[in-house]
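Subject: Structure handover

Hello,

Here is the structure to go with your ligand work. Please open it alongside this message; my notes follow below it.

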Amino acid sequence: MNLTLKVWRQKDAKSPGRMVEYQAANIIPDMSFLEMLDVVNEGLIARGEEPIAFDSDCREGICGTCSLVINGIAHGGQRGTTACQLHMRHFQDGQTITIEPWRAKSFPVLKDLVTDRGAFDRIIQAGGFVSVNTGGTPDANALPVAKVDSDRAMDAAACIGCGACVAACKNASAMLFVSAKVSHLALLPQGKVERNQRVLNMVQQMDAEGFGNCTVTGSCEAVCPKEISLDFIARLNREYGKALLKGATGHKETV
Amino acid sequence: MKLDSNIPSGPLAQKWDKHKFEMKLVNPANKRKFDVIVVGSGLAGASAAATMAELGYRVKCFCFQDSPRRAHSIAAQGGINAAKNYANDGDSIYRLFYDTIKGGDFRSREANVYRLAQVSVNIIDQCVAQGVPFAREYGGLLTNRSFGGAQVSRTFYARGQTGQQLLLGAYQALCRQIGHGNVKMYPRTEMLELVVVDGQAKGIIARDLVTGEISAHAGDAVVLATGGYGNVFYLSTNAKGCNVTATWRAYKKGAAFANPCYTQIHPTCIPVSGDHQSKLTLMSESLRNDGRVWAPKKKGDTRPANQIPEDERDYLLERKYPSFGNLAPRDISSRAAKEVCDEGRGVGPGGLGVYLDFADAIKRLSLETVKERYGNLFEMYEKITGEDAYQTPMRIYPAVHYTMGGTWVDYNLMSSLPGLFVIGEANFSDHGANRLGASALMQGLADGYFILPYTIGNYFASQKPAKANVSHPEFKKALEDAGALTKRLLSINGKRSVTSFHRELGKLMWEKCGMARSTESLKEALARIPELRSEFWKNVKVTGETGSLNQDLEAAGRVADFLEFAELLCLDALTREESCGGHFRVEHQYPDGEAKRDDEHFAFVSAWEYQGPGKPPVLNKEPLTYEEVHMSTRSYK
Ligand SMILES: Cc1cc2nc3c(=O)[nH]c(=O)nc-3n(C[C@H](O)[C@H](O)[C@H](O)COP(=O)(O)OP(=O)(O)OC[C@H]3O[C@@H](n4cnc5c(N)ncnc54)[C@H](O)[C@@H]3O)c2cc1C
Ligand code: FES
């Protein structure tokens, strides 16, 4: 296959960026999208040009590192698929493909297609955990958990933190990401103790990071490679409302 | 070099408790005075950093990904072992210990493995308390599955995403400590050098991968939790970024490297489809619970799988190893697949594959159940190959997956360099010559949550918190060295890309030092690697500059280290004149093709000691003595 790529190139966080056109020649349909970019980069290196910077690591759809907007859609629009698991057999010979980074105020571009998603880490640091230290925990089977709850918690916990939800949202809202963690922990008895404080702290941090509001358009769910359901946002809203009513238990957990 | 494993005296089952009692403690107020540098945020690094911060130490944690949550541990699919005996099928600490020793082909340390089995039960408790959503039964209790090399069900799992859930548990514990200000996290930062002051590890030199700035970090101890070196083969199931840099540069500063030739080839991976491939994808071993491995009996049989009648199929593992069947350990299953492909009975492109068939399981259990158990793996298979494995059997082939070798450590997980601790896949300690499935996650978390936090205290208790200063000449020198290396890489400006060197090295390693190794093939590799390395330093082309985000430069540094490390791996393989576990020397096999171990001459750990550039390394031997188990010939028949 031969393709034309229009790729966002940006030297660093401070410089302005622009779209640059490249040819991707002799692409094999069995290649993954990132392997196609590898081929283009080898060509650039051979010509002494700087390769296109893009993030990836596991290349099997689980680490959440890859983060490309392909033809205007985060991860390229194949249901439940990260960019690294998207294969070229889904494209047509001769096609033009645009490739851009996540675009959101809270995810500044560092270079080309690489963005800074540190805001997600800071949201988890604000409360996305159960406050247990290592050691002294009860036997794992001491507390039965209904299979439905545990399965539902797992559905939420499957989030890979890639940020596609933010990139897809016209308001750059992080609600799907936050709701996944809040729901995962609130559904399990181990996470219930701190549920009020947790949701308040996480939402507060989310707002501080400058993410937008949720207007329930569902574009986040549509691009989510782990198909995290919009229902979790409804659950987040309920959790948040309840926590506001009940009030915080003290502002931050103390050590 | 004097290697002292520091194994406590006394009966095996009591060693760890006794040691815990005898170790010196650091009082809580003094813990605050000690700085610990943790390189790596996978299961081992994140659990260690979080736990040490909880104890009161001041921790700095580094990783090269943009977030600690993305460490390669995230990719583990199948599960984690623990001797809980929840299945009531006769499991016990002793049985997990014995299975691991036997699975490792009697090349690991008894005392370490026993301790691992002991703390395995605490890991599951810890993870559940953190909110890890392990799979459960309808009654609400945890459920288990079976993994290779065991006849009991002791593997805990979270769908096909066990590593992800365990890592998120450890990551969240780490985040909690970052939030409290007890851990300072450095994502997108790569360790380039270890700093040794007066014979003790006192810090690191690291490069900020965004700004390119190279900086020095001092501490009272350094912990490497930097994962395995499987990417020396270029194609492996490891993430693209996995590398040997941290442990290799520590080796060059005096930390012995143990058993580099013990590499694990996983039997069930998606076969290579072409030269463009950048990595291989694992299909979890858990699939062998229900999938049956077979190949056509006839050579060159090109009929589609469903047109090959039952009596013309060879269910190779069930035939060769009736008591373990499709759950034979990895090294054995991999070789069995290679054997039939070498005979010309392989399937798929190039004849490099065997079938993993679920037709019987679907009949026995229903399509729904198979979907529930393995749905995400079938989807992944479909994405990569475009084939529906519910309809036609999967094609699988062995691929490099895990590395048992690593930095030599004693019972306290301290390397031969005082103050340098190494945990997780980066060390060599518990898996001998072959790791059993679902035991790496167990080891990483055992090291990080339950072992290192104690043993590091014992080290500190005999030290003064003498804050090494980054203005010390050793730091200055290491800073200069690291800067000079990056500059040198950028200045070569040759004709070949970094990847082309990596790919060539990987191919060489796979062919000459992969599933089967011979004196001849290893000598060929040992002749070729230095040539390739010298070509690299003359002709590599690294683009861009040092003062900014430069992925080409990052890769170049890693490949430069692989090009040195590969030689040690082959040398180790050549020196070990026996077959054991993942190390198969064609000269050493029984007439039926089974591995021939030589306990009389090779029951030792090979710990290699660096002697300086261009000088051959020295081989130190740590004898392996078995007080409790009898070294038997491993049989899974
Ligand atoms: C596909 C796959 C599936 C697996 N499935 C299972 C399974 O089901 N069960 C099981 O028990 N095991 C499994 N394993 C093995 C297991 O996942 C790994 O052995 C284990 O997770 C390694 O953990 P770790 O913490 O030692 O290292 P890693 O998770 O690899 O973490 C390494 C860390 O070190 C950092 N790092 C490395 N070098 C540097 C440097 N120079 N500077 C700064 N930071 C650095 C990285 O950023 C990362 O944070 C699997 C492995 C693979 C590849
Ligand atoms: S590279 Fe890991 S999810 Fe794409």
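In this predicted model, strand 3 (residues 69-70) and strand 5 (residues 96-100), both of chain A, pair in the antiparallel sense over two bridges. On strand 5 of chain A, A:Ile99 is the bridge partner of A:Ile70.

These strands belong to an open sheet of five strands in chain A, with the order 2-1-5-3-4 and mixed pairing. Its edge strands are strand 2 (17-24) and strand 4 (73-74) of chain A, each of which pairs on one side only. As background, strands of a sheet pair through backbone hydrogen bonds, in either a parallel or an antiparallel sense.

At the other end of the strand order, strand 1 (residues 3-10) of chain A pairs with strand 2 of chain A in the antiparallel sense, over eight bridges. A hairpin of six residues joins strand 1 of chain A to strand 2 of chain A. In that pairing A:Lys6 has A:Glu21, on strand 2 of chain A, as its bridge partner.

Now the ligand. Ligand 1 lies between chains A and B and sits in the largest cavity. The elements of chain B that give two or more residues to the shell around ligand 1 are helix 3 (43-55), strand 6 (189-197), strand 15 (394-403) and helix 12 (440-461). Strand 6 of chain B gives the most, with three residues.

There are 38 residues around ligand 1, and those that come nearest are B:Gln65, B:Ser73, B:Gly78, B:Met191 and B:Glu425. Sorted by class, the shell has 16 nonpolar, 18 polar and four charged residues.

- B:Gly79: a polar backbone atom is 2.9 Å from a nitrogen atom of ligand 1.
- B:Leu43: a backbone N or O atom lies 3.2 Å from an oxygen atom of ligand 1.
- B:Gln77: a backbone N or O atom lies 3.4 Å from a nitrogen atom of ligand 1.

On its own, ligand 1 has 1,000 Å² of accessible area, and the protein covers 98% of it.

Regards

Note on methods:
Residues are numbered from 1 along each chain as its sequence is written. Chains are lettered from A and ligands numbered from 1 in the order in which they are written. This is a predicted model: local features need pLDDT of at least 70, side-chain atom pairs count only at pLDDT 80 or more; totals for chains, interfaces and linings use all residues. Side-chain values use heavy atoms; hydrogens and water are left out. A residue is near a molecule or strand if one of its heavy atoms lies within 4 Å of it. A polar contact is a pair of N or O atoms within 3.5 Å; within protein, one must be able to donate a hydrogen and the other to accept it, and residues adjacent in sequence count only if both atoms are side-chain atoms. Accessible areas come from the Shrake-Rupley method with a 1.4 Å probe; for residues, only the protein chains shown count as cover. On a 1 Å grid over the protein atoms alone, a cavity is a set of points where a 1.4 Å probe fits but cannot get out, and a pocket is an open set with protein on both sides within 12 Å along at least five of seven lines; lining residues have an atom within 4 Å of a point. A molecule sits in a cavity or pocket if more than half of its atoms lie within 2 Å of its grid points. Helices (H or I, at least four residues) and strands (E, at least two) are DSSP runs, numbered from the N terminus. Ala, Val, Leu, Ile, Met, Phe, Trp, Tyr, Cys and Pro count as nonpolar, Asp, Glu, Lys and Arg as charged, and the others, Gly among them, as polar. Two strands pair if DSSP finds at least two bridges between them.
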